[in-house]
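The stops below can be followed in order.

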Amino acid sequence: MNVVFTVTLALLAASALLVLPRLLRGPGVLDRIVSLDVLVTLIVCALAVNVAANDAGLSVPLLLVLVLLGFIGSVTAAHLVEEREDIR
């Protein structure tokens with residue numbers, strides 16, 4: 001099972017590395033917002049794999065907080081971008 005968890009974490013890390021250029025250079029604000037949301041999702045997935053691999057039940061509240069912050073951040077950013085579009 002350790003091989004499965006290791007491969008999963010490696011794939012999640014590779015995915016995060018693929019998202020980083022879009023986050024840093026993204027042509028628009030929405031691209032950066034989406035890439036940040038994807039990055040938070042990848043971090044949550046990595047923590048979930050860690051919880052499954054190590055039976056670390058103490059990390060579950062951290063997962064819930066990260067998911068909630070990611071959701072609220074994405075919704076807030078999308079709302080702000082929509083308001084900017086209305087002003088123009």
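Select Gly70 to begin, a residue found in helix α3 (residues 60-87), where helices are DSSP runs of H or I with at least four residues, strands are runs of E with at least two, and both are numbered from the N terminus. Gly70 is buried, with a relative accessible area of 11%; buried here means under 20% relative accessible area, exposed means over 50%, and partly exposed lies in between, with a 1.4 Å probe and protein chains only. If neighbours within four places in sequence are left aside, Gly70 is in contact with Asp37 and Val40, contact meaning heavy atoms within 4.5 Å.

Before moving on, note that this is a predicted model, in which local features need pLDDT of at least 70 and side-chain atom pairs count only at pLDDT 80 or more, while totals for chains, interfaces and linings use all residues. Residues are numbered from 1 along each chain as its sequence is written, and side-chain values use heavy atoms, with hydrogens and water left out.

Next, select residues 29-54, which form helix α2. Its 26 residues should span 38 Å at 1.5 Å a residue, and the end C-alpha atoms are 37 Å apart, which agrees; the expected span is 1.5 Å times one less than the number of residues. Colour the buried residues of α2, namely Ile33, Ser35, Leu39, Leu42, Val44, Leu47, Val49 and Val51. While viewing them, recall that an α-helix has 3.6 residues a turn, so residues three or four places apart point the same way. After α2 comes Asp55, whose phi is positive, near 50°.

From that set, centre on Leu47, which lies in helix α2 and is buried, with a relative accessible area of 19%. Beyond its neighbours within four places in sequence, Leu47 is in contact with Leu62, Leu63 and Leu66.

Still in helix α2, go to Arg32, which counts as partly exposed at 37% relative accessibility. Apart from neighbours within four places in sequence, Arg32 is in contact with Arg22, Leu23, Leu24, Arg25 and Gly26. Pro21, eleven residues from Arg32 in sequence, is 9.5 Å away in space, C-alpha to C-alpha.

One of those contacts of Arg32, Leu24, is the next selection; Leu24 lies in helix α1 (residues 2-25) and counts as exposed at 62% relative accessibility. The C-alpha atoms of Leu24 and Leu36, twelve residues apart along the chain, are separated by 9.7 Å.

Finally, zoom out to the protein chain, which has three helices and zero strands and reads α-α-α along the sequence. Its C-alpha atoms fill a box of roughly 55 × 25 × 10 Å along the principal axes. The radius of gyration, taken over C-alpha atoms, is 16 Å, whereas a compact globule of 88 residues would have a value near 12 Å, by the rule of 2.2 Å times the number of residues to the power 0.38. Of the 88 residues, 23% count as buried, and residues 24 or more positions apart account for 45% of the contacts with a separation of 6 or more.
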